[in-house]
Amino acid sequence: MGAFLVRRLSINVLVFFLITIAVFALVHKTPGDPIAMQIPADQLNSGSADFIAQKRAELGLDRSLVVQYWHWLTNALHGDLGYSLLNGRPVTELLGERIGPTIELMGVGLLISLLIAFPLGILAARRRNSWLDYGATVVSLGSVSIPVFFVALIVIYVFTLKFQWFPSSGISDPTNPGLLDSLHHLVLPALILGFGNSGPFMRYVRSSMITELDADYVRTANAKGASPRRVVLRHAFRNSLIPVLTVIATNLPQLLAGAVVIEQVFAWPGMGQLAVSSVNQHDYSVIVGFALLIAIIVLLSNLLADVLYTVVDPRVRLR
Amino acid sequence: MTEPLLQIKGLSVDFRTDDGVVHAVTDVSLAVQPGEIVAIVGESGSGKTVTAMSVLRLLPKAAEVSADAIAFRGTDLRTLSAARLRAIRGGPVGMIFQDPMTALNPVMTIGGQVAEAVLLHQRRPDRKAAWRRAVELLGLVGVPDPAERVKQYPHEFSGGMRQRAMIAMAIANDPDLIIADEPTTALDVTIQAQVLALLRKAQAETGAATILITHDLGVVAELADRVVVMYAGRVVESAGVRELFAVPRHPYTKGLLASLPRMDLDVDQLDPIPGNPPNMAAPPAGCPFHPRCPLARDRCRTELPPLLEIGVGRSSACHFHDELAVTA
Ligand SMILES: Nc1ncnc2c1ncn2[C@@H]1O[C@H](COP(=O)(O)OP(=O)(O)OP(=O)(O)O)[C@@H](O)[C@H]1O
Ligand code: SF4
Ligand SMILES: [Mg+2]
């Protein structure tokens, strides 16, 4: 198990460096200039070119990309991601105050999607081609094919405007803070995110479960006198998890993408919101910092999936 | 004669497939007496596994099963409630399957799986006791160092060791009937002999009646009391092992035996009888064996030969079984 993890870890570190290089290059090659962006168009004159050049030199933007990257990397490894080109605040600080809400939204959203996907997928697999199976298929198709923002608008219309059950904006009510209030604000965005991601999970749980329920060892368990419930939960379930874990881990970027959209719709003060505004204003250091953070999250979750593998599948430990 | 331990009468199993209805088993009757070893032989696809699985209703839902009787110790298994059927599965009836590579759960320890077989039939479930019994059972079936190896997973066991674990599960609750579906087919030849010896020992110690499905006529000669020969989903001959080997009374059985220069070769390896078994979705009219039968004549092409009692404890489904009695 140790050697297995060390190998996976070193692959992840390598991937991590490749991602930062790619993002760095991409961001700096996009047309548009962060300094010029800050000068109102009517004030642009012959002198502003000099001003921009001077500013760029101050910020190190005139140096070669390799040098800039090296500079950024050595600082990053010391926990310094630079400063926002717009407001001069440290990028780590900006990200730091945004990461919590996003992780909260993604975590609860993921949990909800699994709570939808597993029971439905298992039931659909056990009753193949029943009305329940078809119903589950419709639900999962809906979850995949209806755009998140569209679902969000309908949900806001029904639950916020019509019934006024749940708020549709922000993470908490400053006049009435507390755990209950936070949960209250979390309900709609997390439910929508969870629903949107449950579709593919459910399809994989279902097909994986169908494969396992046909397996020889399931027949053996039946021949021993195990109850259907025991056959599903004790025998087939754990085997069916093996392929599903990969799907969940590789789906995390989609989950994050969904969260970015939902943060816009629900004015959720997370990283998605920050990222969108930084991209619009070419705030290089924030974008790169954001990308770095995503890379870390994705790689960590892949690593987590690897660890879970070794827990679920005893055959992995020896490889 | 005493009441049979297991009585199957008029069993038929159909599968609806895209190619039409497959008549996997047709009108099979079979009785197993307490302590008796009955071998079922026949080519691949002749319906042996389907027959064995229908006893404990282990066929997939797609199977359409009908029978005049499936009774174990007089209990009608066709209509038994699911809960009471589970008490029989793995309790008084133990099963061993062909492929020990896939028949064990890959993510559960061997001990966990053997202990489960015990636990499911304890009156008061006791995990510790079940685990101790699992260690004991594994020792009994010849797994070395059982106290350590219970903690291992199937992939850490060799094929032969896995089949020993399967046997341990089958005999865990002192069964009266063991159904073994080709228990050695998937194993190396040298291991086959060991596992067979173990099976014989287990049978002798538990006194369980055994249905032994096999391709290996050598095994039949060595182990079985009685032989049931299946062809195209039907029983074509059934007799005591000596009588059957001495004077087969069905041309198919005769073909199987004649092609046995050496007892340890498989039926399938030898391809003893020219031609192939019929398509079970559209079996030939008359005697299903007639396209391959050296004795076939007009009557065989139109008239299905019924399985008739032709002597004490022996029957044949051939219009001309008399002729075979003479040639011997
Ligand atoms: N689930 C199923 N769906 C459709 N047909 C099936 C199914 N299971 C078995 N059959 C058919 O039933 C027939 C009998 O199969 P069975 O497995 O009983 O043969 P067998 O005598 O055990 O052969 P083998 O020696 O290869 O194990 C075959 O023609 C097979 O194709
Ligand atoms: S009935 Fe006819 S075809 Fe069938 S086995 Fe007997 S002789 Fe052969
Ligand atoms: Mg078979």
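This is a predicted model: local features need pLDDT of at least 70, side-chain atom pairs count only at pLDDT 80 or more; totals for chains, interfaces and linings use all residues.

Trainee: Okay. Is B:Gln113 buried or exposed?

Mentor: B:Gln113 counts as buried, because its relative accessibility is 3% and the cut-off for buried is under 20%.

Trainee: What does the side chain of B:Gln113 reach?

Mentor: The backbone oxygen of B:Asn105, at 2.8 Å.

Trainee: And which residues does B:Gln113 touch, if I skip those up to four places away in sequence?

Mentor: From chain B there are B:Leu104, B:Asn105, B:Met108, B:Pro154 and B:Met169, and from chain A there is A:Lys224.

Trainee: Now the cores. How many residues does the largest nonpolar core have?

Mentor: The largest nonpolar core has 78 residues, and B:Leu77, B:Leu138, B:Ile167 and B:Leu177 are those with the most contacts inside it. Helix 6 (residues 159–170) of chain B gives the most to this core, with seven residues.

Trainee: Let's pick B:Ile167. What is B:Ile167 in contact with, leaving aside neighbours within four places in sequence?

Mentor: B:Ile167 is in contact with B:Ile96, B:Val141, B:Val195, B:Leu198, B:Leu199 and B:Ala202. There's also a second, separate core of 28 residues, and A:Ile210, A:Leu241, A:Val244 and A:Val312 are included in it.

Trainee: Changing topic: ligand 1. Which residues come nearest?

Mentor: B:Ser44, B:Gly45, B:Lys48, B:Thr49 and B:His215, out of 15 residues around ligand 1.

Trainee: Which backbone atoms sit by the oxygen atoms of ligand 1?

Mentor: A polar backbone atom of B:Gly45 is 2.8 Å from an oxygen atom of ligand 1. For B:Ser46, a backbone N or O atom lies 3.2 Å from a ligand 1 oxygen. B:Gly47 has a polar backbone atom at 3.0 Å from an oxygen of ligand 1.

Trainee: How much of ligand 1 does the protein bury?

Mentor: Ligand 1 taken alone exposes 630 Å², and the protein buries 67% of that.

Trainee: Which elements give two or more residues to the shell around ligand 1?

Mentor: Strand 1 (6–17) and helix 1 (48–55), both of chain B. Helix 1 of chain B gives the most, with three residues.

Trainee: And how do the shell residues divide into nonpolar, polar and charged?

Mentor: Seven are polar, five nonpolar and three charged.

Trainee: Over to chain A, then. How many helices and strands are there?

Mentor: Chain A has 13 helices and zero strands. Its C-alpha atoms fill a box of roughly 85 × 55 × 35 Å along the principal axes.

Trainee: What share of chain A counts as buried?

Mentor: 43% of its 319 residues. As for contacts in chain A with a separation of 6 or more, residues 24 or more positions apart account for 73% of them. The accessible surface of chain A is about 16,400 Å², with 68% belonging to carbon and sulfur atoms.

Trainee: Last one: where is A:Ser145 found?

Mentor: In helix 6 (residues 131–145) of chain A. A:Ser145 is exposed, because its relative accessible area is 56% and exposed means over 50%.

Trainee: What does the side chain of A:Ser145 reach?

Mentor: The backbone oxygen of A:Leu141, at 2.6 Å. In sequence, A:Ser145 and A:Leu193 are 48 residues apart, and in space they are 13 Å apart, C-alpha to C-alpha.

Note on methods: Residues are numbered from 1 along each chain as its sequence is written. Chains are lettered from A and ligands numbered from 1 in the order in which they are written. Side-chain values use heavy atoms; hydrogens and water are left out. A nonpolar core is a set of buried Ala, Val, Leu, Ile, Met, Phe, Trp, Tyr and Cys residues joined through side-chain atoms within 4.5 Å. Buried means under 20% relative accessible area, exposed over 50%, partly exposed in between (1.4 Å probe, protein chains only). Helices (H or I, at least four residues) and strands (E, at least two) are DSSP runs, numbered from the N terminus. Contact means heavy atoms within 4.5 Å. A residue is near a molecule or strand if one of its heavy atoms lies within 4 Å of it. A polar contact is a pair of N or O atoms within 3.5 Å; within protein, one must be able to donate a hydrogen and the other to accept it, and residues adjacent in sequence count only if both atoms are side-chain atoms. Accessible areas come from the Shrake-Rupley method with a 1.4 Å probe; for residues, only the protein chains shown count as cover. Ala, Val, Leu, Ile, Met, Phe, Trp, Tyr, Cys and Pro count as nonpolar, Asp, Glu, Lys and Arg as charged, and the others, Gly among them, as polar.
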